Amino acid sequence: MRTVKLLLSFALIATLFTSCYTEVNIDDDEPRISINQLLNSHELWYVDINSTKGFGEIPFLQKAFTISFRNGVIYANNNIVGLGDNGNGFGIDIGEYNAYDMVLDVSHDIDGFDTFDVFQINSNTIELYNPNNDTSYFLEGYQRSNFDYDFVFYDNIHYFLQEYEAWEKIYTSEFGAINEFDNENYLQFLAGGNDSTFQSSQDESGTAANNLRWDYTGLYGIGDVSGDMYLKTLTLDYDFFNNEYFELSVINDGKIELFHPSSETVYEFEGRGYIQYLKNGNTKGKVKTSVDKKRKFRKNKVDNPRENTRVK
């Protein structure tokens, strides 16, 4: 009987050791794919700025809508103008990267060096954790063929307005009541700060953007229209003749339409002095540095599956 008990004890101990070894093996398994395979599993990584955790900021991630990792070169879509067209959808070259052992080292052309620990959250989400400022950015993976450039464009329309030094009025409809806004020929939407400051000018048409004299500075707001992603509202706060309210439609990447419901007048404005963010070498228009623009947390983000619908 004692012999049987000893044999059973040895069998139980052997079973426990076998079980523990198996669990350790599971916990210590290497990732199924390498970090380079992970980074290249999606053509575009959308920077979900609302999900950022921590109090630090990484400048190149703070201003990018998407980033891509291609053969040691990192690309970004920093501009709304040309989104989906620049760099065949990838954006512009902003630096180099090196990926190893779930660590990502980035050498940005302007902002310098940053290092990240990379965690795979699920099949299409990764976390970039910067140990130097204890901040995490979360990136959602897409292919160019199923990424909704259109949604990103309209969901960030305020950045689009900021990407020109000025908007010049090029058309006023013959119909519509005479109103104070008829005298305004230029608008400017300023980046930085609270992202809600505009300026207007009554200078003559054809004045160069850098020669404009801004007559008024106030606050503006962009609103959504329920059931219509492509239509926005624009409110300009003019103290001396109250707020001016418009329905805003985008005609193309350089032209907008403002419908003024109170007078039923239609205006068209065309962008002057395109500002391209963080572009080395030859640029179209003015170049902005990293301090001029960054994306900010938005409380009322609209959820939308990013299926590509934008007409190129």
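Mentor: Let's take the strands, the cores, the salt bridges and the rings in turn.

Trainee: What kind of model is this, and how are the residues numbered?

Mentor: This is a predicted model, where local features need pLDDT of at least 70, side-chain atom pairs count only at pLDDT 80 or more, and totals for chains, interfaces and linings use all residues. Residues are numbered from 1 along each chain as its sequence is written, and side-chain values use heavy atoms, with hydrogens and water left out.

Trainee: OK, strands. In what order do the eight strands of the barrel go?

Mentor: The barrel closes in the order β1-β2-β3-β4-β5-β6-β7-β8, with antiparallel pairing. On average, neighbouring strands of this sheet are turned by 35° against each other, direction ignored. Strands here are DSSP runs of E with at least two residues, helices are runs of H or I with at least four, and both are numbered from the N terminus. Two strands pair if DSSP finds at least two bridges between them. For the angles, axes are lines fitted to C-alpha atoms (for helices over the stretch in contact), and the values run from 0 to 180 degrees between N-to-C directions.

Trainee: How many bridges join β4 to β5?

Mentor: Six bridges, between β4 (residues 92-100) and β5 (residues 103-108), which run antiparallel. Tyr100 has Val103 in β5 as its bridge partner.

Trainee: And what about Asp101, buried or exposed?

Mentor: Asp101 lies in the loop between β4 and β5, and it counts as exposed at 73% relative accessibility. The cut-offs are under 20% relative accessible area for buried, over 50% for exposed and partly exposed in between, using a 1.4 Å probe and protein chains only. Asp101 also has a positive phi of about 45° although it is not a glycine. Asn71, in the loop between β2 (66-70) and β3 (73-77), has a positive phi too, near 50°, and is exposed with a relative accessible area of 79%.

Trainee: Switching to the cores. How many residues does the largest nonpolar core have?

Mentor: It has 36 residues, and those with the most contacts inside it are Phe160, Trp167, Leu187, Phe189, Leu236 and Leu258. A second, separate core of 26 residues includes Trp45, Ala64, Ala76 and Phe116. A nonpolar core is a set of buried Ala, Val, Leu, Ile, Met, Phe, Trp, Tyr and Cys residues joined through side-chain atoms within 4.5 Å.

Trainee: Which residues is Leu236 in contact with?

Mentor: Beyond its neighbours within four places in sequence, the contacts of Leu236 include Phe181, Leu187, Phe189, Phe198 and Leu219. Among the others are Asn242, Asn243 and Glu244.

Trainee: How many salt bridges are there?

Mentor: The count comes to six, where a salt bridge is a side-chain nitrogen of Lys or Arg within 4 Å of a carboxyl oxygen of Asp or Glu. One of them joins Arg272 and Glu168, with the closest N and O atoms 2.8 Å apart. Arg272 lies in strand β16 (residues 265-277) and Glu168 in strand β9 (residues 164-172), so this pair ties together parts that are 104 residues apart in sequence.

Trainee: Last topic, the rings. How many aromatic pairs are there?

Mentor: The count is 21. Rings of Phe, Tyr and Trp (its six-membered ring) pair if their centres lie within 6.5 Å; planes under 30 degrees apart count as stacked, over 60 as edge-to-face and the rest as tilted. Phe181 and Tyr267 have ring centres 5.2 Å apart and planes at 75°, so that pair is edge-to-face. Both residues, Phe181 and Tyr267, are buried.

Technical notes:
Contact = heavy atoms within 4.5 Å.
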